[in-house]
Amino acid sequence: VSTEDFLAADKAVQQEVFPNTKGYLRRTTAHSHGGEWLVVVLWASEADIDEFNARVIENPVQTAYNALVDPETIRIARYEDVGG
């Protein structure tokens, strides 16, 4: 997939899927010089993440975005803010 196509789908997800979602705080996308992409989403709680994940699988904008990403390359991790 081209960078332009990926960024268009990423923007659609950013503007159409995440806004007004309970617990959603912020989302950002970054690209490395080596060609890797990083998407970081900040949530108020793990319960909000789980609720979102249960609902989003039916969202056509998210589905179109997911189709552009090779599932073998996805790494998902959850981190907690420790303050500071």
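## Buried faces of the helices and a buried arginine

Four residues of helix H2 are buried: Asp-48, Ile-49, Phe-52 and Val-56. Viewed along the axis of H2, these buried residues lie within an arc of 100°, so they line one face of the helix. An α-helix has 3.6 residues a turn, so residues three or four places apart point the same way. On the other side of H2, Ala-47 and Ala-54 are exposed. The packing partners of the buried H2 residues are strand E2 (37-43) and helix H3 (60-66). The model described here is predicted.

### Overall layout

The protein has three helices and two strands. Their order from the N terminus is α-β-β-α-α. Along the principal axes, the C-alpha atoms fill a box of roughly 35 × 30 × 25 Å. Of the 84 residues in the protein, 20% are buried. Contacts between residues at least 6 apart in sequence include 48% that join residues at least 24 apart. The accessible surface is about 6500 Å², and carbon and sulfur atoms account for 53% of this area.

### Helix H1

Helix H1 covers residues 3-16, which is 14 residues. From its first C-alpha to its last, H1 reaches 20 Å, close to the 20 Å expected at 1.5 Å a residue. Phe-6, Ala-9, Asp-10 and Val-13 are the buried residues of H1. Around the axis they cover an arc of only 100°, which puts them on the same side of H1. Glu-4, Lys-11 and Glu-16, on the other side of H1, are exposed. The buried residues of H1 pack against E1, E2 and H3.

|---|---|---|---|
| H1 | Phe-6, Ala-9, Asp-10, Val-13 | Glu-4, Lys-11, Glu-16 | E1, E2, H3 |
| H2 | Asp-48, Ile-49, Phe-52, Val-56 | Ala-47, Ala-54 | E2, H3 |

### The strand pair

Strand E1 (residues 24-31) runs antiparallel to E2, and seven bridges join the two. One of the residues involved is Ala-30, whose bridge partner in E2 is Leu-38. E1 and E2 form a hairpin, with five residues between the strands. In the turn, Gly-35 has a positive phi of about 95°.

Arg-27 is part of strand E1. Its relative accessibility is 7%, and because buried means under 20%, Arg-27 counts as buried. The side chains of Arg-27 and Asp-10 are joined by a polar contact of 2.7 Å. Asp-10 is itself one of the buried residues of H1. Apart from neighbours within four places in sequence, Arg-27 is in contact with Asp-10, Val-13, Gln-14, Phe-18, Val-39, Val-40, Val-41 and Tyr-65.

Asp-48 belongs to helix H2, which spans residues 46-56. With a relative accessibility of 6%, Asp-48 counts as buried. Not counting residues up to four places away in sequence, Asp-48 touches Lys-22, Gly-23 and Trp-43.

Notes
Residues numbered from 1 in each chain as written. Predicted model: local features only at pLDDT ≥ 70, side-chain atom pairs only at ≥ 80, totals over all residues. Heavy atoms only, no water. Buried < 20%, exposed > 50% of the residue type's maximum accessible area, 1.4 Å probe, protein only. Contact = heavy atoms within 4.5 Å. Arc of directions from axis to C-beta. Pairing = 2+ DSSP bridges. Expected span 1.5 Å × (residues − 1). Areas by Shrake-Rupley, 256 points an atom, 1.4 Å probe, with all protein chains shown as cover. Polar contact = N/O pair within 3.5 Å; in protein donor to acceptor, adjacent residues only side chain to side chain.
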